[in-house]
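Subject: Structure for your review

Dear colleague,

Here is the structure I said I would pass on. My notes follow below it.

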Amino acid sequence: MSEELPAGVPGRAVVVGHGAFAEGLISAVAQISGMGEKLIGISNTGMSPTDIEAAIRSPLETLGVRVIFTDLPSGSATLAARRVMRNAPGVVLVSGVNLATLLDFVFTSCPTASEAARAAAERGRASLIVVEPG
Amino acid sequence: MPIQLHRIDDRLVHGQVVVGWGQPLNIRFLVLVDDAVASSEWEKDLYRMAVPPEMEIHFFDVATAIREHSRFAADKRPGILLTADIDSMQRLVSGVTAIGSVNLGGIHHRAGRTQYRRYVYLTPDEEAALRRLEATGLEVTAQDVPAARAVPLSEMLSERETR
């Protein structure tokens, strides 16, 4: 049964990636924030493109999820998400997700999925720093 | 420099191809051979967005790829040719004698297929098609990423048969 969320509200999100990427990130989010339940993890390991699409489509349809996070812009998860989005109006994709991105998302106060996704992506981008030796 | 890899992979462009093979082999172009993708601007745009800026991607149906193959084979830069299925590769190979080896990179589970590797599942017809490819003198191996061993087709099939 779909969650009764007003149109556009961020709600929960799907995290899709290679290997145990999603599981690991979600476990880190849970440890830091206690809000891991806002994220649904999917691994693409051993899955065909159509299997990945089906795995992503399911929480969109059953839980009203409107935000998809994927690990790699060139990855099969990202391509599958973009195929799913063709028939899922209002769903937004963030590729290149990291821990800071997800932490921002689970605490978001943004009123729409798009705004929450953009803010989370910006936080994730800003979290990448290089500390030079010396 | 010849095309580095003629790969059958149902995910076509994805992380293993762009990063796993792309970075160590310094891949500069992909040739995606698929009749359906070649006829769809939406599909082509999808794959164009998945490749990094330093990598070109070219799209052909099988018939055109047969005509264009020599041009890419003569390219001095390293490249990878991809098909999503065995049938497309088989048709390509039937028209291009210069292809010496085929890489099985990803043929995933679906009904009717038997598992041979974590990333290779085959129907009996697909297995027979690969055996026919090998019988023409092609080297057919399964290898998902460069760090893995290239497993010869006969070894892969015999391992499964004795399990």
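Chain B of this predicted model holds an open sheet of 7 strands in the order S3-S2-S4-S1-S5-S8-S9, and the pairing is mixed. At the edges stand S3(B), residues 56-60, and S9(B), residues 151-152; each has a single partner strand, so one side of each is left without a neighbour in the sheet.

Within that sheet, S1(B) (residues 5-9) and S5(B) (residues 101-106) run parallel and are joined by 3 bridges. B:Arg7 stands opposite B:Asn103 of S5(B) there. On the helical side of things, H3(B) lies across S2(B) (29-33) and S3(B), and its direction is at about 155° to S3(B). H3(B) covers residues 41-48.

Chain A has an open sheet as well, of 4 strands, ordered S2-S1-S3-S4 with parallel pairing. Its edge strands are S2(A) (39-43) and S4(A) (92-95); a single partner strand each means that one side of each is left without a neighbour in the sheet. From one strand to the next the twist averages 20°.

S3(A) and S4(A) are paired in the parallel sense over 4 bridges, with A:Phe69 opposite A:Val94 of S4(A). Two helices of chain A deserve a note here. H5(A), residues 113-126, packs on the sheet by touching S3(A) and S4(A), and its direction makes about 10° with that of S4(A). H2(A) lies across S1(A) (13-17), S2(A) and S3(A), running at about 160° to S2(A).

Over all chains the structure holds 3 aromatic pairs. One of them is formed by A:Phe69 and A:Phe105: the ring centres are 5.3 Å apart and the planes stand at 80°, so the pair is edge-to-face. A:Phe69 belongs to S3(A) (residues 67-70) and A:Phe105 to H4(A) (residues 99-106), so the pair ties together parts that are 36 residues apart in sequence.

Last, the pockets. The largest pocket has about 470 Å³ of space. Its lining comprises 25 residues, and those nearest its centre are A:Pro49, A:Thr50, B:Asp10, B:Arg11 and B:Ala84. By class, 9 of the lining residues are nonpolar, 5 polar and 11 charged. Four helices each supply at least two residues of this lining: H2(A) (49-63) and H3(A) (76-85) from one chain, H2(B) (35-38) and H3(B) (41-48) from the other. H2(A) gives the largest share, 5 residues; this is the helix that also lies across S1(A), S2(A) and S3(A).

The second largest pocket holds about 180 Å³. It is lined by 13 residues, with A:Thr45, A:Gly46, B:Arg11, B:Gln16 and B:Arg118 nearest its centre. Its lining has 1 nonpolar, 9 polar and 3 charged residues. B:Arg11 is listed nearest the centre of the largest pocket and of the second largest pocket.

Regards

Key:
Residues numbered from 1 in each chain as written. Chains lettered and ligands numbered in written order. Predicted model: local features only at pLDDT ≥ 70, side-chain atom pairs only at ≥ 80, totals over all residues. Heavy atoms only, no water. 1 Å grid on protein atoms, 1.4 Å probe; cavity = no way out; pocket = protein on both sides within 12 Å on 5 of 7 lines; lining within 4 Å. Points joined across faces, edges and corners; volume = space filled by probe spheres on them. Nonpolar A, V, L, I, M, F, W, Y, C, P; charged D, E, K, R; others polar. Pairing = 2+ DSSP bridges. Contact = heavy atoms within 4.5 Å. Axes fitted to C-alpha atoms, helices over the stretch in contact; angles between N-to-C directions. Phe/Tyr/Trp six-rings, centres within 6.5 Å; stacked < 30°, edge-to-face > 60°.
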